Each structure stands twice: as C-alpha cells, then as structure tokens.
Amino acid sequence: MAKTLLSRRLMLAALAGTSMVAAGFGLVGTAAAQEARIAAVVQSLDTEFNVLWADAANRHPLVEDGTIALTVLDGRMDALQQSNQFDTAIAEGYDAIIFVPVDINAGNDPVQRAMEAGIPVIGSNTLISDTDLYESYISSNDVEAGRILAESVIEKMGGSGNVVIVEGMIGQSAQVQRLEGIEEALAANPDVTVLEQRTANWSRAEALSLVENWLISRGGEINGIIAQNDEMAIGALEAVKAAGLDPAEVPVAGVDGVTDALLAVQRGEMMSTLQDADAQAQGAIDLAMAAIEGEGYEPRAAVWDVNGGEMAWDGGQSQQYSVPWVPVTADNVEDLLAMRQNQ
Amino acid sequence: MTTELSSANPGRARRQMAADILSKYGIVLAFVILFVALSFAHQNFLSTANLTNVLRQVSINGILAIGMTYVILTGGIDLSVGSVLALCGVVAGSLVTGADPANPALAFLAGIGVGALVGAINGILIARFKVTAFVVTLGMLSMARGATLLYSDGRPIPNLSPEFRWFGQGFVMGVPVPVIVFALVFIIAFIVLRYTVYGRWIYAVGGNIKSARTSGIPTRSVIFSAYMIMGALAGLAGVILTARTTSALPQAGLGYELDAIAAVVIGGTSLVGGVGSVTYTLIGALIIGVISNGLDLLGVSSYYQQIIKGAIIVVAVLIDRSRHSNP
C-alpha cells in the first residue's frame, strides 16, 4: 500500500517535472521565435459576441503568421477572475494586455497594476470607468447604439405610441449607456410613452417570459419593443409571435448583430444593429502592437483607413478609437450572413 | 444519507401526523391564497391566455423538479441539471439545424438519450463508487457545461427546423406541447412513485438505506436509476427549451438546478430523503411560476421577486423542519 502510494507520487512528480520542463522549453522557444506576447482578458467565452471577438483576434494576420503569440483568457463573467488573470499576465511578463472588462469599475484596479508594471493595456468593446489608465481603447459608442435602437422602433411606430424596454444586467456599462441613448431618443419623441421597463439579464429565455407576461398585462397597448441586446430582442420576438401578433405590427429591435438576429432581419421580423467584433478585436491587436513597437508600426486590420477601411489610424497614437455601428438592413443582411459563415 | 424518521413513541407519531397534515395543507393553502390574491390584483391573471402562459413557463422547471424529487427522495441531490439541459439542447439542436435537418423525433430522443447517459455516469459514481452526490454532480455541472461549449463552439445553433420547434411552440387542441409533456411526465412519475414496487423502493432507500438493503431492495440500482431518470428528464427539458427559444443556446439553463431544488423544497420534500411527493413538487413549481408571472403582470421589480422566492424557500424548510423535529 505504502509502496504503491509512494510510486504513484513519484510518477506524478516525474510527470509534473516533465511537463514543466516541456513548458519551459515551449516558453523559451516562443520567446525566441516571436516578437510579441499579448494576453487578451475577455468577459466570457460563453457569449456569442466574445466568441466572435476571440475568433476575430485569432484571425489577425500577425497572429496567424506567428509574429504575435496571443493568449485569450476567459473571465467567466467574474470581475475577480479577471483581476487574477491580470496578475498572472503581469507575472508572466506579457508585452501588452487587451481587456474586455466584466465590470465598469472593478476593472480600473487591475489596469492600474498593469500600468505600474509597465505593461500597456488596450481597452476593447466594453470599457472601464477610468479610461485615462488605458494606453488606448477601441470600442463602439453604446449611447449611440441605444439611440439608433430606440429610433428604429419609434420610426416603425410612426413616431407615437407605447413602448416597453427590456434591459440588460443592471449596472453593466452596456446597460447604463444604451439606456442613456434610449432616453435621449425618447426625450426627442414626446408622443412615445414607456409602459414597462425591466431587466431580463441579457437572456433570451428570461426576455421571452417577461414579454409574454407584459403582453398579457398590457393587452393590445404595446406598440413597440426596445431590447438592449439581440438575445433579448429574439426572446421578445418569440413572445410576440406566440401571442399570435404580427411582428410587423409590434416592431422589435435589438443590438449586436448575432447570427439569430441577422436571420430574423432577413425574415423581416426584427431590426438590429451590428457591433463590429472584427474591427474591435483586430483593431485592438494593432493598437497593442503600436504600443509595443512604437510609431513606425503598420496596422494589418482591414478596418483602418490605411488598409481601405473607415477608421482613421492616426499612426496608432490616438487614445480613443470609435468603431461605427452597422445598421442591419434587408440590403446588407445577406452579405453579413455570408461573412458570419466564414467567421 | 440515512435518517431516523419512524418512532416507537405513539404520542410523538400522532403529533407528527398532525403537524404533517398542517404543513401539507400549508403549502396548498399558500398556493390558493397566492392564486386568489393575484386574481384580484390583476384583471388578466385568470385569462386563458395568461394561465396557458404560466403553465408553459412552469413546464421546464416542473420537469426538472419532478426528476429532482426522485433524486432527493433517495437522499441525494443533482446539481448538474442546468448544464445537462444545455448539453442535451445543443446536441438535439445540432441535428435539426441547416438545410438538411434530421427527423425531429430523432433529435428529441437524442436529447433525452444524452441526458440519460450523463445521468447514468452520475449514478454509477454515486451508487457504485460511493462518491457523495453533491461532489459528483458539482463536478458534472462543470464538465457538462464545458462539453456544451466545446460541442457548440460557444455559439448558439440557429435555424432549427419548424418540425423540431413544434416541441416548444406547438399546440394540441389549444394546449401548448410543453404543458402536455409536463403533464405526462407528472402523471407517470406520480403513478410510478405511488403504485409500483419501484416507487416504494425509492422511499425505502431514502428513508433508511440499511434496512432497505437488509430487506432485499437493490439499493444501488435504485439510486443509479434515480440519477438516470433525472438525466433523461433534464434532456427532455433541454429539448423543449431549445425548441421554445428557436436556437440551441450554450448558456441555457444557468442556475436552473436551484429553481428545481427550490420547487422540491417548497413542496415539502425532505432534503434528507424518504419523505415527499411529486404532487407537492408540482405545487412548489406552480408557486414559483405564479409568483414570477404575477409580479411581472403587476410590474414589480425583479429584485423583489428574488427576495420573495428566497423567503418562501426558507419558510418552506422551516415548516418542513417543524414536521420532523421533536416538538
């Protein structure tokens, strides 16, 4: 018994030793062959947008040809997890960190620590509240998304009537800022009344039940549904259809441009605005490289003006870059879907 | 896992019976009061459309809670059901997506089959290798979620065939399919538990496993089967949820195990096993569903919903304990 236990321990130790040596060789090997090591700390690889973001990051030309060693760390929707991942990345001495924070405030401190350790942090997609800590950041303006979202519903309603608002997880930057934009649009349209406003925590299943219940409590009063993301908009759409209503009569809109939403737009059942994951992810990698290599660095992502895109590169020296939203329409939805197939 | 429930003291037994009846009526009474109060509070609550909604919203948690009742009656617990639900959903969904979808019945059975398989793994580890159910199913909660994300690439699987979506969205004679499935599951579970030898074995194993073993009950097989049934029902719930949300969502079912356990506990089934019934679990699930629906109708903040649900769970356990402890 004692002997088997001992031999098992020895075996384990030997195994651990070999793998550490192997890992060590691996690290030495990569350090020699690669110019840059970048860590990307993302919100959660359970959500479609983050997966698209990570896939896009891995398709950056310099990642594909091995110039950049990119490590994507899954924050599992937990601010503490992300903070720990920052510590790991700092200890491992990464050249740059790209950050998609879970929480707008809890993200400040880890970025501060990285800055003190001399590691540049590039913000992408969602942001921390103290944006001065970033080397630079690239995102789409969520206030603008909220405004586009609300305006699309109000326009379909003919400028007057009653709406309900399905909100994201309360306190997250996307929820707060998209609501700000929605309220701007509502202020500009005094004939629109908000009947109900509640969170469905970004979840399709929760939004489905919530809107089903609203359609009962508010009978025929609801003329439009504003959902802060596509997942919830699709849940709302299913509730509308299940109640026997025509989606053309009760317009539904969301934000993000997830695949299901593109398909629903194609069927003419809802409206959506695409958040450009490719531009945000690949743009962030270019900004990280600009921070590492300095002004002479040539960006590779297609989104930049120097590569035929829409965004001004400015030598990679600006602090803030804003990726434009892409309204999904009957005209461009086929192209977007085709693009999605390749992502 | 064993517990002392029977007592030789007749006075205590009588008092316990009285408390028993009271606590059972208590739950039914709570439901009736809630129901009547909401009928007055909102004019549409009693409408056919709303009651149909409530039943449809309850059906997923209800199916899980019925399986959970079996597991908890044996003195166990299954924390993995939410993840297993998601895994079965993406497996079923992957078969009926795209241009050439498989027969929806095949996807339906595949979902249930994967669930039963995962449940069987749980069951073997718990019954044969004597690992604590809490630990095994906690491990499975994580493994099944990982497998779901791996299988689906972390993305929803869209474009499910209309025939498959019928399981979530269809109607038979005005009754939603999920409600019919839920009703069938309940009736079968009720009959098996009350009128079959196997049903008595479930209670015996949870009541006192040692005496169950000495009286010749195949305790291992009974425990194993309870987890397999739970897994299959989680698969069934996953298929219905997927058909209802029109896409197989890898992040579906997060935290569903807690709602299922809550329904069982509110229904007065003892967490130590041996005491309880699916009828009260049904009422427990209905209470949770009606609260959520009613507060939505009344426009009450979801923050209150969480507080109210939690308070009801604690009160239900207090009642449960007063039933089992010494007076």
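Predicted model: local features only at pLDDT ≥ 70, side-chain atom pairs only at ≥ 80, totals over all residues.
Elsewhere in chain A, salt bridges with shared partners join Glu238(A), Lys241(A), Arg267(A) and Glu269(A) into one network.

Over all chains the count comes to 19 salt bridges. One of these pairs Glu92(A) with Arg37(A), the closest N and O atoms being 3.6 Å apart; since Glu92(A) lies in the loop between helix 4 and strand 3 of chain A and Arg37(A) in strand 1, the pair ties together parts that are 55 residues apart in sequence. Arg37(A) is buried, with a relative accessible area of 16%, whereas Glu92(A) is partly exposed, at 40%.

Another salt bridge joins Arg147(A) and Glu184(A) at 2.7 Å, N to O, and it links helix 6 with helix 7 of chain A across 37 residues.

Turning to the interface, 30 residues of chain A are in contact with 34 residues of chain B, and the area buried between the two chains is about 2500 Å², with carbon and sulfur atoms giving 47% of it. Four salt bridges are counted between chain A and chain B, including the one between Asp55(A) and Arg155(B), at 2.6 Å from N to O. On the side of chain A that touches chain B, helix 8 of chain A gives the largest share, ten residues, and the residues of that side divide into twelve nonpolar, seven polar and eleven charged.

Key: Residues numbered from 1 in each chain as written. Chains lettered and ligands numbered in written order. Heavy atoms only, no water. Contact = heavy atoms within 4.5 Å. Buried area = accessible area lost by both parts, 1.4 Å probe. Salt bridge = Lys/Arg side-chain N within 4 Å of Asp/Glu carboxyl O. Helix = DSSP H or I, 4+ residues; strand = E, 2+ residues; numbered from the N terminus. Nonpolar A, V, L, I, M, F, W, Y, C, P; charged D, E, K, R; others polar. Buried < 20%, exposed > 50% of the residue type's maximum accessible area, 1.4 Å probe, protein only.
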